[in-house]
Amino acid sequence: MSKNILILPGDGVGQEVTASAVEVLDFLIKEYGLDFSVKLMNVGGTAYNECGSPLPKEVLNAAKESDAILFGAVGGTEWDNLDWEDRPENALLTLRKELNLFANLRPAFLFNELSEASPLKKEIINNLDILIVRELTGGIYFGEPRGIVSDKEPNYAFNTMVYNEDEIRRIAKVAFESAQKRDGKLCSVEKANVLEVSKFWRSIVTEMASEYPDVQLTHQLADNAAMQLVLDPNQFDVIVASNLFGDILSDIAATLTGSIGMLPSASLDSSFKGMYEPCHGSAPDIAGQNIANPLAMISSLSMALRYSLNQESISDKIDTAIKLFIQSGYRTKDIAVDENYLKTSEVAQKIIDIIQNG
Ligand code: IPM
Ligand code: MG
């Protein structure tokens with residue numbers, strides 16, 4: 001059955017890296033005769049400039065009909081002063097919520113050839129391979145009530161961190177099952193020493209552990225986990241955390257690899273439809289210069305093929321090609337040690353050549 005893929009390049013370098021992923025996708029469709037229907041639409045600031053909304057209705061509808069969405073990045077200084085409704089980031093949060101993409105998988109892995117780029121010492125960082133499973137449609141990001149009160153003295157603002165047991169169970173299930181497929185270790189992160197919602201989170205995750213006797217479950221408080229990620233990141237296999245803590249920890253984990261331009265992510269619903277985006281943002285400072293690293297986006301395409309499009313072996317081919325690309329010494333500007341690097345627009349063809357010729 002044909003699968004629908006929606007391409008949403010968005011803003012800034014999102015446009016450039018998505019073009020690279022589409023080049024690889026077009027090649028794969030031809031080479032392997034894949035039955036995919038591919039549509040490209042604007043989102044974020046680019047869509048706002050075009051039609052006054054960062055997430056036009058047609059785009060949301062197309063997203064709902066897609067099996068996989070490749071999402072570049074959104075945002076830029078040009079749109080920073082807009083009301084929240086109109087801001088590019090709102091498109092991202094609305095897509096997550098409307099499509100029920102509750103499970104955010106954020107791998108952080110190091111290519112040992114690039115360990116010099118990490119801010120940590122080689123012996124601490126080598127062989128790093130962590131998966132952060134972040135809850136993406138609940139918690140303090142979406143909790144009600146929320147607001148800013150400006151008609152009382154003093155003025156104040158508030159948000160609500162709330163999780164029900166079903167929300168915790170479904171994200172913990174994804175995390176336990178991910179650990180089963182990896183090294184069998186799961187660390188659940190919260191602030192159970194302070195927050196009720198965290199105590200509740202811990203009790204549910206602990207209760208579920210008996211269903212996964214092959215997974216070794218530990219718990220860490222979020223502040224300690226942030227420290228441990230820097231002190232001894234290799235102690236982790238899978239980390240599961242709420243929306244807010246997962247947001248913070250995944251930035252730390254990504255930075256450890258020294259190259260946020262290499263890391264993909266997947267946001268999945270319960271039937272494994274999903275949105276795939278690089279971990280880096282729209283990077284307005286380098287946008288339009290043809291120097292962004294498109295490997296995170298190409299790697300996100302690989303995750304889409306694996307999780308939503310039933311093409312695991314083609315996904316393996318992309319992952320191997322990216323490894324070989326790095327091992328062969330090809331670099332983009334962010335990971336280059338000298339002036340010898342490929343432009344954004346040159347990377348896809350190299351990856352295609354490697355897939356074709358090994
Ligand atoms: C992320 C980003 C988003 C988030 C922003 C852009 C709303 O930081 O995907 O990690 O906080 O979830
Ligand atoms: Mg973030």
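Guide: What follows starts with the strand order, moves to single strand pairs and the helices, and ends with charged pairs, cysteines and domains.

This is a predicted model, in which local features need pLDDT of at least 70 and side-chain atom pairs count only at pLDDT 80 or more, while totals for chains, interfaces and linings use all residues. Residues are numbered from 1 along each chain as its sequence is written, chains are lettered from A and ligands numbered from 1 in the order in which they are written, and side-chain values use heavy atoms, with hydrogens and water left out.

Helices (H or I, at least four residues) and strands (E, at least two) are DSSP runs, numbered from the N terminus. Two strands count as paired if DSSP finds at least two bridges between them. Strands of a sheet pair through backbone hydrogen bonds, either parallel or antiparallel.

The sheet is open and has 10 strands, in the order E2-E1-E3-E12-E11-E4-E5-E10-E8-E9, with mixed pairing. Its edges are strand E2 (36-40) and strand E9 (216-221), each of which pairs on one side only. From one strand to the next, the twist averages 20°. Axes here are lines fitted to C-alpha atoms, for helices over the stretch in contact, and angles run from 0 to 180 degrees between N-to-C directions.

With strand E4 (residues 103-109), E5 runs antiparallel, and seven bridges join the two. In this pair, Leu105 stands opposite Val133 of E5. With E10, E5 runs parallel, over four bridges, and Ile132 faces Ile239 in E10. E5 is mostly covered, six of its seven residues being buried. Buried means under 20% relative accessible area, exposed means over 50%, and partly exposed lies in between (1.4 Å probe, protein chains only).

Elsewhere in the sheet, strand E1 (residues 3-10) and strand E3 (residues 68-73) pair in the parallel sense through five bridges. There, Leu6 stands opposite Ile69 in E3. Helix H1 (residues 13-32) lies across E1, E2 and E3, at about 155° to E1.

H4 spans residues 88-98, and its buried residues are Pro88, Asn90, Ala91, Leu92, Leu93, Leu95 and Arg96. Just after H4, Asn100 takes a positive phi of about 60°. Glu98 forms a salt bridge with Lys64, with the closest N and O atoms 3.3 Å apart. The two sit in distant parts of the chain, Lys64 in helix H3 (residues 57-64) and Glu98 in H4, 34 residues apart. Both ends are partly exposed, Lys64 at 41% relative accessible area and Glu98 at 43%.

A salt bridge here is a side-chain nitrogen of Lys or Arg within 4 Å of a carboxyl oxygen of Asp or Glu, and the count comes to 16. Another one joins Asp319 to Arg306, at 3.0 Å between the closest N and O atoms. Because Asp319 lies in helix H11 (residues 312-327) and Arg306 in helix H10 (residues 295-307), this pair ties together parts that are 13 residues apart in sequence. Asp319 is partly exposed at 28%, and Arg306 is partly exposed at 25%. Salt bridges with shared partners join Arg306, Glu312, Asp316 and Asp319 into one network. Within it, Arg306 meets Glu312 at 4.0 Å, N to O.

There are zero disulfides in the whole structure, a disulfide being a pair of cysteine sulfur atoms within 2.5 Å. For Cys187, the closest cysteine sulfur is that of Cys279, 19 Å away, so the two are too far apart for a bond. Cys187 is buried, with 3% relative accessible area, whereas Cys279 is partly exposed at 23%.

Finally, the domain assignment gives domain 1 (1-102 + 270-358) and domain 2 (105-268); such bounds come from an automatic or database domain assignment. The C-alpha centres of the two domains lie 23 Å apart. In contact across them are 31 residues of domain 1 and 25 residues of domain 2, where contact means heavy atoms within 4.5 Å.
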